[in-house]
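Please examine the model shown below.

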Amino acid sequence: MTGSSVAKQLVDAIIANLPEPAPGLRPVHTMGVGVDGYFMASDVARNYCIAEHFRGHRVEVSVRFSNGFGGPKQHDGWSDVRGMATRFHLQGGVKDGPATDLIATTLGEFFARNVEDFFEFTKIARQHPVQRESPWRKILDMLQLKEPVRDPYPKETTNTDAGALSYANRYRFAQLAVFEAAQIGAPVSYTRATYHAIHTFMVEDPHGVRRPVRFSWQPVAGVRTTDPTATPVDKYLRHELEERLRRWPARFMLMMTIGEAGDALDDPTKPWSARRVRVVMGTLTLTNLAKDQVADGERISFNPWRLVPGIEPSGDPILHARRCAYEVSREMRGGCPFIRSQADAK
Amino acid sequence: MSTVFDAADVQGNILRGYRKPRVRYLILEVADRMAARRWFAASTTGRDDVPQITTGNWGRTKPETCFNIGLTYEGLRALGTPGSSLATFPNEFIEGMNARALKLGDVGPSAPETWPDPFGDPRRIHLIATIYADEVAQLDQVQQRALTDGEAFKLLGALEGCSFPKDAVHFGYRDNIMQPRFAEVHDGQRYEDGQPKAPLGTVLLGHPTNFEGLRWRVPQPEALGHNGTFNAFRVLEQDVVGFEEYLDQAASDLLTRPQIDELLPPGAEEKIGQALSIEGLSRHAALREVVAAHLCGRWRDGTPMALSPDAPDPKVDQANFDYVGNSRCPFGAHIRRCNPRGGQIVQRVANNSRRLVRRGMPYGPLYDPAKPRDPTKPEPERGLLGNFIGASLGAQFEAMSCDWLNLGLQDPRITGSNDPITGANDPGTSWFDLPLKSGTTIRLRGLPRFVRTRGGAYAFMPSIPAIRFLGSLMA
Amino acid sequence: MPSDESWLDRFVSGLPETRVFQRLASWLLVPYWAWRTPVKPLPGGPHPSIQPGDNIQCMMNLIMPLKDKSPIGRAKAALAIAQNKDAIYAGLDNVGTVHFARFVIVGDNICMFSVYDGDFTNYIRDFIATIGGVFNAVVKLVEGGDAVTPCEHNVEAFIQWVHERDLYQVPDTATDLLRDQEALNGDKASFGHDDLRLLPRKVVLQLRANANVSLGSGYRAYPGFSAAQVRNQLGIGW
C-alpha cells in the first residue's frame with residue numbers, strides 16, 4: 001500500500017497531528033537552513049559502488065539541515081530529531097540538473113516497520129496538552145526507580161511524548177526509536193551530530209555484486225549536545241553555522257555499513273550490529289550558507305528515491321512509502337518536482 | 001581406568017564401519033523404566049530375544065545384522081541414571097542438539113523449530129537404535145525383536161537408508177573414502193593416508209586425545225563413561241536439483257570470464273570426459289564438473305583436487321594426499337574445511353584435532369539427471385542419515401561446524417564464507433573462490449543452501465559394560 | 001530551567017542527587033524492588049549469533065578475585081604473567097585467533113580482557129592445549145580456581161568456569177537489555193504491556209544481580225575482520 005492515495009493519507013495524517021500547520025512549508029522538518037558544499041569520494045568508495053558521486057571527483061552538494069519539529073515555530077534548543085538532507089549535483093554540478101539525494105536524521109532507527117504501523121502510530125501519538133508533573137507524582141516515580149516525565153519547555157503546551165510512549169509500550173519494535181528520540185537532546189551545532197539514513201539500500205560494485213548497506217554521516221568536529229538542564233535557546237543553530245563556516249569549512253565523513261545475511265534489510269526499526277564492516281565512502285565539506293535560502297533550502301524537494309545507477313532501494317516498506325509521500329508533500333507546498341534523472345526531465 | 005583396550009568392550013560401529021547396504025534408525029521413547037532396564041541388560045547377551053548389541057570384536061565373520069544404540073540425555077534420565085552421574089556429562093550433550101542450533105548452522109530453513117516429528121519434541125527422544133543389514137526383511141525382523149516386549153519403548157519414528165553403488169551419495173560424489181585410522185584397530189578397508197594415526201581418544205572416552213596432554217571428562221561412574229563416545233545423529237536433506245541447477249548457472253557464468261582458459265584449458269573437456277566415461281563432453285558440461293570438484297575438493301569420482309586439479313584421474317591415490325605448497329584444492333572446499341590435514345590453518349594447534357568418525361547412508365531415491373523432471377510434482381525428499389562420532393562433541397563436531405564449515409576462520413582467504421556444500425548459505429552474500437594456476441582466483445557467488453537439517457539428536461553411545469550398568473540401575 | 005517552577009519543583013528535581021535520597025535508594029528502594037520484581041543475572045560472553053561479523057573480534061572480560069588480597073598476592077599474579085611471556089606469545093602465534101589480550105590488576109582482582117575470533121569454547125580449548133600452564137599459574141591464584149586446575153585434565157569444567165566469570169555484555173542499544181531479559185525469561189513476544197519508563201529500574205536491578213558488566217559490545221575500528229585477515233592483508237604472514 002504505497003500508492004499515491006496512501007501517500008496523501010500519510011501526509012494528511014502527519015499534518016493532522018501538527019500543533020500548528022504551516023501552509024506552503026514542509027509539514028515536518030519545517031524550519032531549516034540550506035548550505036553549499038562539495039563531496040569527495042574516498043579512494044575505496046568506487047570499489048563498492050559504481051554510482052557517479054563515488055568515482056572520486058569533486059561533486060557539488062546542497063545540504064539542508066532542519067529541526068524535526070513540524071510548524072513554523074523555531075525551537076532549536078528543544079530536544080528534537082534533526083535532519084540532514086543532501087543533494088549531490090551530478091554531471092558537472094549544475095543545480096536543477098541530474099542529482100541524487102541522501103536523507104538522514106539524528107535518529108538511528110524508525111519507530112514503524114511499515115505504513116500500517118505508521119498510521120497506528122499517528123493515531124496513538126497525538127498532540128496532547130502537557131503540563132509539569134506534580135512534585136508528588138515525581139516522588140512516586142522516584143520511589144519506583146522510574147524515568148521521570150520530562151518537564152515541558154516554556155511555551156510548550158502540547159506534545160506527542162505520552163502517545164509515543166504508550167505506542168512503544170505496546171509495540172516492542174518501536175521502543176528503541178521512541179526511547180532514543182526521548183533522549184536525543186539538542187546539538188550545539190548542526191555540524192556536531194551524527195545523521196543516519198536509516199533505510200537499507202543496495203549498492204552495486206564494478207563486478208556487479210550487490211550489497212545491502214546503510215549510510216551515516218559522521219561529523220569531523222565530533223558530537224556534542226547542549227546542557228539539558230539549561231534553559232533552551234530558541235534560535236542559534238543557523239547563526240552558529242554561519243559563523244562557523246565563515247571561519248573554516250565543516251566536514252562530515254560518509255560511512256557505509258555493509259549488512260550480512262540475517263541483518264534486517266526491510267525493517268527500519270531494527271539497527272544493525274555495530275560489528276558490521278564499515279567503509280569510508282568520502283568526505284563532505286560544507287563551505288557556506290546557501291545565498292538563496294529559498295531556492296537552495298526551502299524550494300529543494302529531497303526524495304530518498306532520487307537515486308542513480310549503482311544505488312537501489314531495498315524492499316523497506318517505509319522507504320517505499322516515502323517516495324510518494326515526499327512527492328505529495330512537495331505538491332502541497334509547491335517545491336521543485338521530483339525528477340529521477342535527466343531522461344525523466346525531458 | 002583399564003589400560004588394555006578390548007574392542008569387545010565397545011559398540012561395533014565406532015571403530016570400523018559394517019559396510020552393510022541397509023540401515024534403519026528407530027527413534028524410541030522409554031515407556032517403562034523397569035522394562036527398559038531389563039531390555040538393556042538383555043541386549044548385551046541377546047537374551048530374551050532382544051537383539052544383541054554388536055561389539056567391536058565381531059570375529060572373523062561379520063554378523064548378518066548389526067545392532068547398536070545411543071542414548072540422549074533425556075534417555076539417560078528416563079532410565080533413572082542418578083543426577084550426580086548426569087551432571088558429569090558435557091554441557092552440549094545435556095543441552096541437546098536442538099539447543100545448539102546456532103553452533104551447527106541450524107538456522108532459517110534448518111532451524112529445529114522446522115523439524116518434523118519425531119524431532120519436533122526432543123524431550124521424548126530417548127534412544128536411537130540402529131539396525132544394519134543386507135535386506136529389508138532382516139531390518140524388519142530385528143526391529144520386531146527390539147520391540148517385542150511392547151513395554152520398554154514407544155516407537156516415535158523410524159528412518160531408513162540404503163547405500164548406492166560405488167559408495168556414491170546424493171550429490172553424485174563418491175563418499176566414505178576417509179576415516180580416522182586407529183593403531184589399535186586393524187581395518188582392511190583403510191589404507192595409508194599420510195595422516196597421523198588417530199589416538200583412541202578421538203572416539204573413545206578415557207583415552208589420550210588429539211590434543212597433547214588433554215583429556216575429556218569421562219562421565220561418572222567410570223563403568224558408565226569409560227569407552228563410551230558421543231554421536232551427532234543428523235538427518236540432512238540434500239537439494240540435488242538445486243545443486244545441479246547451481247552447477248549449470250556457475251558453468252554458464254564461468255564461460256563469460258576472461259580467465260576461463262586457466263580453469264579449463266581448451267581441449268581439457270575431453271580429458272575430463274574420458275575420466276568420467278562421457279563422450280563428447282561439452283565445455284559447459286565439463287565446467288559443471290570442474291565446479292563440482294572445486295566445491296567438494298574431490299572430483300565426483302573421488303579423485304582429490306589436491307593431487308589432480310585439472311581432471312579426475314582413476315590412477316591417483318584417493319586417500320594419501322596433503323594440502324601443502326601451492327595445492328590447487330580450494331581453501332574453502334568441503335573436504336578441506338572438514339579436515340585441513342597438514343595444511344596451514346590459523347589455529348595451528350588444531351590440525352588433526354577435530355577429526356570425526358562418519359557413518360552415513362543416503363535416504364530417499366537416487367536422483368537421475370537423465371530423467372526429465374515433472375515440475376508439477378514435488379521432488380521426493382532425499383538426503384543423508386549421518387552419524388558424526390567423536391569423544392567430545394564440543395571439541396570435534398561443534399568446533400568443526402561453527403568455526404570451520406561456517407565462518408571459515410581457519411584461513412583468512414575464506415573467512416566470512418560458509419562451506420559451499422553443507423554451509424548455511426544465503427545466495428545474497430555467499431561466495432566461493434576458485435584458485436587459478438596464476439595465483440589469482442575467480443569468485444563464484446549466489447550459492448544457496450544445498451543441505452537442510454531435518455532432524456537429529458546428540459546421543460551417548462555407551463560401552464558394553466556401560467549398557468550392562470544401565471541395565472542394572474536400581475530405584 | 002523553566003522559570004515557572006516552584007521551590008518544591010526545584011527541590012524535587014534535585015532530590016535524586018541528594019545523599020539522603022541516594023541512601024534511601026540503595027538501602028531500601030533497590031532491595032525492595034529486587035524483591036518485588038526479581039531479575040535473573042544475564043549470561044556472560046558474546047551474544048550467540050550465526051552471523052560472521054558477530055563471531056569475529058569477540059570480547060572476553062574476566063574479573064577474578066585473588067585468593068591472597070595483599071600486595072604479596074598481587075605481586076604473585078604480576079609474576080605469574082611476567083614469567084610466562086614466552087608461553088603467552090607461543091599461544092598467540094599458534095592459536096592465531098586473538099587480536100589482543102590484556103592482564104590488569106584492579107583492586108584485589110586479576111582481570112583478563114581479550115578480543116578473539118570464533119567460538120569461545122574453541123578459543124579456550126585451543127589455549128589450554130598450547131599454554132595450559134599459564135592458565136594454571138594464574139587460575140590457581142584465584143578464588144575457586146583449585147577446582148578446575150590443572151586445566152588440561154579439567155577441560156570442560158575449566159571452560160565452564162571461565163564462561164561463568166565472563167562478564168555480561170550490555171547491548172549497544174539500551175532497549176536491547178530489555179530484549180535480553182525477555183529472552184532469558186522465555187518471552188519472545190513482539191507485543192507487550194511494557195512500561196518503557198521502568199528501564200532505569202531494570203538496569204539498576206540487572207547491575208545489582210551482575211555487579212561487573214561490559215558496557216556495549218566493544219567499539220571497533222575495523223569490525224568484521226579476523227586477526228589472520230589483518231595479518232594477511234598487511235603482508236606480515238599468518
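The account that follows begins with conventions and then turns to the structure.

The model is predicted; local features require pLDDT of at least 70, side-chain atom pairs count only at pLDDT 80 or more, and totals for chains, interfaces and linings use all residues. Residues are numbered from 1 along each chain as its sequence is written, while chains are lettered from A and ligands numbered from 1 in the order in which they are written.

Chain C contains 9 helices and 5 strands, where helices (H or I, at least four residues) and strands (E, at least two) are DSSP runs numbered from the N terminus. Read from the N terminus, the order of elements in chain C is α-α-β-α-α-β-β-α-α-β-α-α-β-α. The C-alpha trace of chain C spans about 65 × 45 × 35 Å along its principal axes. Of its 238 residues, 32% count as buried; a residue is buried if 20 or more other C-beta atoms lie within 10 Å of its own, exposed if 12 or fewer, and partly exposed in between, with C-beta atoms placed from the backbone. Two residues are in contact if their C-beta atoms, placed from the backbone, lie within 7 Å. Among contacts in chain C between residues at least 6 apart in sequence, 72% join residues at least 24 apart.

Two helix pairs of chain C share α5(C). Helix α4 (residues 85-95) of chain C packs against helix α5 (residues 120-139) of chain C at an angle of about 175°, with the axes 9 Å apart. Therefore α4(C) is roughly antiparallel to α5(C). Here axes are lines fitted to C-alpha atoms, for helices over the stretch in contact, and angles run from 0 to 180 degrees between N-to-C directions. Angles under 35 degrees count as roughly parallel, over 145 as roughly antiparallel, 65 to 115 as roughly perpendicular and the rest as oblique. The residues of this α4(C)–α5(C) contact comprise 7 nonpolar, 4 polar and 1 charged. Ala, Val, Leu, Ile, Met, Phe, Trp, Tyr, Cys and Pro count as nonpolar, Asp, Glu, Lys and Arg as charged, and the others, Gly among them, as polar.

The second pair joins α5(C) to helix α6 (residues 155-165) of chain C, at an angle of about 125° and with axes 10 Å apart. α5(C) is therefore oblique to α6(C). On the α5(C) side, C:Phe120, C:Thr121, C:Ile124, C:Arg125 and C:Ile128 meet C:Val155, C:Phe158, C:Ile159, C:Val162 and C:His163 in α6(C). In the loop between α5 and α6 of chain C lies C:Pro150, and the peptide bond from C:Thr149 to C:Pro150 is cis, with omega near -5°.

Chain C also touches chain A, through 36 residues from chain C and 35 residues from chain A. On the chain C side, α8(C) gives the largest share, 4 residues.

Within chain A, A:Met84 is located in strand β3 (residues 82-89). A:Met84 counts as buried because 27 C-beta neighbours lie inside 10 Å. Leaving aside neighbours within four places in sequence, A:Met84 is in contact with A:Val63, A:Phe65, A:Ala104, A:Tyr195 and A:Trp217.

In chain B, B:Arg341 lies in the loop between α13 (334-338) and β6 (357-363). B:Arg341 has a positive phi of about 50° although it is not a glycine.
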